[in-house]
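Here is a short report on one protein model. Keep the sequence and the 3D view open while you read.

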Amino acid sequence: MIIGLVGCGAIANIIVNNISFEKDGIDIKYFHDRDAERAENLAVLANGIAVLELDDMLEEVDLVLEAASPAALKSFALDVISAGKDLMVMSVGALMDPEFREELIATATKTDCKIYAPSGAIVGLDGIKAASIGEITEASLTTRKAPRSLGRVVEQEEVLFEGKASEAVEKFPVNINVAASLSIACNMDIDVKIIVDPNVDRNVHEVHVKGAFGEFNTRSKNLPCEVNPKTSMLAAFSAIKLLKSFNERFSMGT
């Protein structure tokens, strides 16, 4: 499988350093970023090809992996799907726009393409997907991050946001993809609280879900990427695992 990467920042670097064609059958070959130098640097590292325009890679790839931003995803996702190419989305927050998501799915149906969204920086998403077969009556996320992860300078804990996931992804588009992932998995606009806390050095996500299946709570304390503290290492690892699964003969989980 030949992959084209759009967005050559922290997540892209982690993916490139943990995927090999010889072992995984995944060839990450094409690189595009609005910062051409960043695309060039990553292409050199991966022995790949940097392209100035997305169109320059579309005919050559099987899948485009977006690791850029919600705005970037919205600008090119339909072009990828319309070209008959699969798409992997890291900026899941963009999919909280129902019209955009439905148009993507409708186009993918016409072109026989797949749209993938890794589980990202939270645990328990498989369980939530299974639970959604029945009715989910309550779902909430409390996210606690260090000030540098949110670009803030504070001396004490502060609640930055409390409301619905659809509002959270608009106010914090590059920080709160987890809220979008949970909402889409639950088929509801979940409750979200975002806390900036100078006493933590990890991205902490607490999830509560209740429904016909029963009830569960999860709590993850994720190490942020050194290069980009807004991103958890687990988010990049989830994309790597999904890519590797394409050629695995045994699959576990929903």
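Strand 7 and strand 9 (residues 191-196) run parallel and are joined by six bridges. Strands here are DSSP runs of E with at least two residues, helices are runs of H or I with at least four, and both are numbered from the N terminus. Two strands count as paired if DSSP finds at least two bridges between them. In strand 9, Val-192 stands opposite Leu-141.

This is a predicted model, in which local features need pLDDT of at least 70 and side-chain atom pairs pLDDT 80 or more, while totals for chains, interfaces and linings use all residues. Residues are numbered from 1 along each chain as its sequence is written, and side-chain values use heavy atoms, without hydrogens and water.

Now look at strand 10. Strand 7 (residues 136-145) pairs with strand 10 in the antiparallel sense, over eight bridges. Leu-141 has Val-207 of strand 10 as its bridge partner. Strand 10 also pairs with strand 11 (residues 214-222), again antiparallel, over nine bridges. There, Val-204 has Lys-221 of strand 11 as its bridge partner. A hairpin of two residues joins strand 10 to strand 11.

Is strand 10 buried or exposed? Seven of the nine residues of strand 10 (residues 203-211) are buried, so the strand is largely enclosed by the rest of the structure. Buried means under 20% relative accessible area, exposed means over 50%, and partly exposed lies in between (1.4 Å probe, protein chains only).

Six strands form another open sheet, in the order 3-2-1-4-5-6, with parallel pairing. Strand 3 (49-50) and strand 6 stand at the edges with a single partner strand each, so one side of each has no neighbour in the sheet. Strand 1 (residues 2-6) and strand 2 (residues 27-32) run parallel, joined by five bridges. Leu-5 stands opposite Phe-31 in strand 2.

**Aromatic pairs**

The structure holds three aromatic pairs. Rings of Phe, Tyr and Trp (its six-membered ring) pair if their centres lie within 6.5 Å; planes under 30 degrees apart are stacked, over 60 edge-to-face, and the rest tilted.

The rings of Tyr-116 and Phe-246 have centres 4.9 Å apart and planes at 50 degrees, so this pair is tilted. The two residues are 130 residues apart in the chain. Tyr-116 lies in strand 6 (residues 115-116), and Phe-246 in the segment after helix 11 (233-245). Tyr-116 is partly exposed, at 22% relative accessibility. Phe-246 is partly exposed too, at 24%.

What kind of pair do Phe-161 and Phe-172 make? Their ring centres are 6.4 Å apart and their planes stand at 75 degrees, so the pair is edge-to-face. Phe-161 lies in strand 8 (residues 158-164) and Phe-172 in the loop between helix 9 (165-171) and helix 10 (177-186), so the pair ties together parts 11 residues apart in sequence. Both Phe-161 and Phe-172 are buried.

**Two pockets**

A pocket is found on a 1 Å grid over the protein atoms alone: it is an open set of points where a 1.4 Å probe fits, with protein on both sides within 12 Å along at least five of seven lines. Lining residues have an atom within 4 Å of a point. Grid points are joined across faces, edges and corners, and a volume is the space filled by probe spheres set on the points.

| Pocket | Volume | Top helix in the lining |
|---|---|---|
| Largest pocket | about 1100 Å³ | helix 5, five residues |
| Second largest pocket | about 940 Å³ | helix 11, five residues |

Of the 50 residues lining the largest pocket, the closest to its centre are Glu-66, Ala-67, Ala-68, Ser-69 and Ser-91. For the second largest pocket, with 31 lining residues, the closest are Ala-117, Pro-118, Ser-119, Asp-126 and Lys-129.
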